Structures are given as C-alpha cells and as structure tokens.
Amino acid sequence: MAEVMAMETASRLGIDLSNVDWDSIHLPPGEDCGILSDDEDLNEGDPLEFDGGFSNIVVVDNIPIVPTEKFEKLEGVVRKISSQMGVIKEEGLWIPIDPASQKTLGYCFVEFNTPQEAELAKEKLHNYKLDRAHIWAVNMFDDIEKFMNVPDEWAPPETKPYVPGENLQHWLTDEKARDQFVIRSGSDTEVLWNDARHLKPDPVYKRQFWTESFVQWSPLGTYLATVHRQGAAVWGGASFSRLMRYSHPQVKLIDFSPGERFLVTYSSHEPSNPRDTHRVVLNIFDVRTGKVMRDFKGSADEFAVGGAVSGVSWPVFRWGGGKEDKYVATSVTSVHEMENGFNIWSFNGKLLYRILKDHFFQPTPMLVLALVELLCSDIDQ
C-alpha cells in the first residue's frame with residue numbers, strides 16, 4: 001500500500017524513482033510524512049466493540065437450598081418473581097449446585113435484557129421475603145469486587161467538617177423582586193431572570209447535559225428537579241448545586257407534594273407477556289433524606305382513572321394536612337398517614353366516592369380527613 005502511494009506521488013511530481021538512492025534518505029524519528037505503513041493500514045478499520053461489563057446481572061442470595069428433585073420448582077419460583085422486574089434473557093437464570101451434596105448453594109444469578117431492569121430488580125427485590133427463613137439479598141454482579149475488597153479490620157469513618165448549606169430561597173433576595181424561569185434547547189438547560197422591563201435576558205445558570213429527559217420546578221420554587229435514566233435529582237441555591245439523588249430506573253414522571261416534603265416518581269415497564277398491561281412502579285421519597293417512604297407496584301389498569309399517561313391518571317396522589325403534607329390519598333378509597341409508617345384506613349369506597357368525588361382534600365383538607373376518620377370509626381364499629 002505504501003509503495004503504491006509513493007509511486008503515484010512521484011509520477012505526479014515528475015520524479016524518476018529508479019535514480020533515487022533510498023539508503024541515503026532518513027526520516028526524523030516518529031515521522032511518517034502522512035504515509036501509513038502496511039501494518040498501520042490493516043488497523044485502520046473501526047475497532048471492535050466488546051461488552052465486557054455485567055451491569056445487567058444481579059446476584060440473589062439466601063434462596064432455599066433444595067435437592068435436585070425440587071430444583072425445577074425453585075427455578076420456577078425465582079423466575080416468576082424476577083421476571084416481574086424485566087425480561088430475563090434466554091438461559092439467563094443460573095442456580096449453582098454443589099457437586100458433593102447435589103443441592104443448590106443458596107444463591108443464583110439472574111441476567112436481564114438491560115442494566116435498567118437489573119437496577120430495578122436490585123432496588124425492589126432486595127429484602128424480598130420469600131418465607132420466614134428466606135429473605136433475599138440482591139446485589140449487582142459488578143459490586144462483587146467492591147465487597148471482596150472490604151478490609152478485614154474495622155476502621156472508624158472519617159469525620160467530615162460541617163459545611164453550611166446554601167440558602168435555598170436565595171432567589172427571593174433579588175433586589176428587583178424577579179422570578180426565575182428555566183428553558184431547554186438541545187442539550188443546554190439555562191435558568192434566567194424574568195424581567196419584563198428588559199428585552200435582553202439576564203442569565204443565572206447554564207449547564208449542558210443537565211438532564212436526560214426534562215426539568216421541573218418544585219411548587220414553592222425551592223428546588224429544580226432533573227430526570228435521568230437512573231432516577232431523579234434536585235438542585236438548589238445560588239450555584240444550583242446538587243442536593244439529593246433519588247434512585248428509580250427508567251423514571252418517566254415526577255411530582256412534588258405541595259409543601260415540598262415528598263417527591264413522587266413514576267415508571268412504566270413493558271410486560272413480559274404482550275397480553276398483560278404495562279407494569280407501573282411509584283415511589284414516594286423524602287426530599288431531604290432521599291429515603292423511600294413508600295412504594296406502589298401494580299398494573300397500569302390499577303391506576304387508570306381517566307388520565308393520559310399509558311392509562312394512568314397523573315398525578316396519581318392527592319395531598320392534605322397543610323404545609324406538612326401529612327396525608328396522601330392514593331385513590332378515593334384509601335388514605336395514608338405520612339407520620340406513623342403510613343397507617344392505612346380502609347372503608348366503603350363507594351360511599352366516599354359519592355361524597356368527595358373530585359374534591360378530595362379540597363378545600364379544607366383537615367375537615368375532610370376528620371370526615372374520613374369518622375367514617376372509618378363508624379365502619380369499624
């Protein structure tokens with residue numbers, strides 16, 4: 001290849017290569033004058049891509065130890081539970097067997113189609129109670145190396161100095177009493193001051209690839225939420241620093257409670273069986289701590305009340321209890337108290353629907369809740 005290129009160049013320049021003393025020509029070290037060697041030419045093709053990660057595999061520990069005659073039953077149970085999180089690859093479930101005892105070893109590997117499904121399985125199936133003696137411990141396969149490198153001797157955690165947080169209502173101190181608004185264009189997201197007296201925009205903060213989906217203000221303007229493949233995050237303060245992340249793979253929608261105490265995230269997953277409806281996962285997070293206060297899982301039909309998002313009415317929840325967001329209603333037939341572990345009151349759904357209808361928790365939420373408590377006590381009696 002190099003020889004052909006040299007001959008073509010010499011012919012174009014009118015040089016007779018037969019009269020050239022090749023031994024007298026020396027190029028500087030590392031210089032090829034733009035001419036590839038035959039070996040380099042072979043390597044010019046696109047590099048082959050190999051999937052060397054195991055991000056779509058989870059390890060499920062503490063499954064029952066059974067003999068070979070019960071192996072198929074155990075495999076069916078594990079597959080049925082795991083497939084609710086996503087599609088398991090063909091031959092993607094492996095339950096090791098002890099050659100000596102011919103019994104399972106108490107753990108298995110599950111390979112999903114995507115890393116997002118594996119993340120969802122880790123989040124939702126960890127601490128899953130199969131029975132009293134078997135509570136699952138689910139971890140990502142990629143995390144095994146991290147666990148293997150845990151030191152044998154305990155060392156006290158490093159104490160970090162206290163760093164005061166930013167003023168999350170900093171925008172309220174603006175001398176011109178302006179509000180802020182956010183716009184997105186392509187990969188750019190920008191926050192600007194809303195000043196009708198000036199035609200030129202006054203920028204506040206700009207960032208590329210800030211979100212993979214959309215951004216959303218909290219009701220009181222304290223937080224700006226961004227949505228990503230692995231979940232959501234909230235940002236705030238004068239520098240818009242990240243305050244908290246919320247893990248929810250494949251999240252599609254988010255919603256804040258009116259008092260900004262809680263963040264609701266929603267995702268919809270394709271069913272393994274095409275005849276089934278989409279599977280819905282809803283999480284309620286504590287905004288400040290990032291802790292999951294409660295999760296709801298089910299088919300889209302269970303949350304369909306006339307909405308437009310895959311049959312789900314959005315927002316799914318309605319809130320009450322004033323600025324504390326103390327109460328949340330998942331439907332017109334159940335109320336959850338946020339303070340004491342989500343105590344659920346069940347009562348005659350038809351009666352409530354007829355009385356409250358679309359005015360649930362409005363306009364006087366505490367009065368309505370008092371009515372709910374009264375109805376509950378009457379039915380219990």
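Contact here means heavy atoms within 4.5 Å. The model is a predicted one, with local features needing pLDDT of at least 70 and side-chain atom pairs counting only at pLDDT 80 or more, while totals for chains, interfaces and linings use all residues. Residues are numbered from 1 along each chain as its sequence is written, and side-chain values use heavy atoms, leaving out hydrogens and water.

Helix α3 comes first. Helices (H or I, at least four residues) and strands (E, at least two) are DSSP runs numbered from the N terminus. In α3, Phe 71, Leu 74, Val 78, Ile 81 and Ser 82 are buried, meaning under 20% relative accessible area with a 1.4 Å probe and protein chains only (exposed is over 50%, partly exposed in between). These residues sit on the same side of α3, because they cover an arc of only 105° around the axis, taken from the directions from the helix axis to the C-beta atoms. The face turned away from that buried side carries exposed Glu 72, Lys 73 and Lys 80. As for what covers the buried residues, the list includes β2 (88-94), β3 (97-98), β4 (103-104), β5 (107-112), α4 (115-125) and β6 (129-131).

Then there is the sheet. Four strands line up as β16-β17-β18-β19 in an open, antiparallel arrangement, where pairing takes at least two DSSP bridges between two strands. β16 (253-256) and β19 (292-299) are the edge strands, each pairing on one side only. Strand β18 (residues 279-286) pairs with β19 over seven bridges, in the antiparallel sense. Within β19, Val 292 is the bridge partner of Phe 285.
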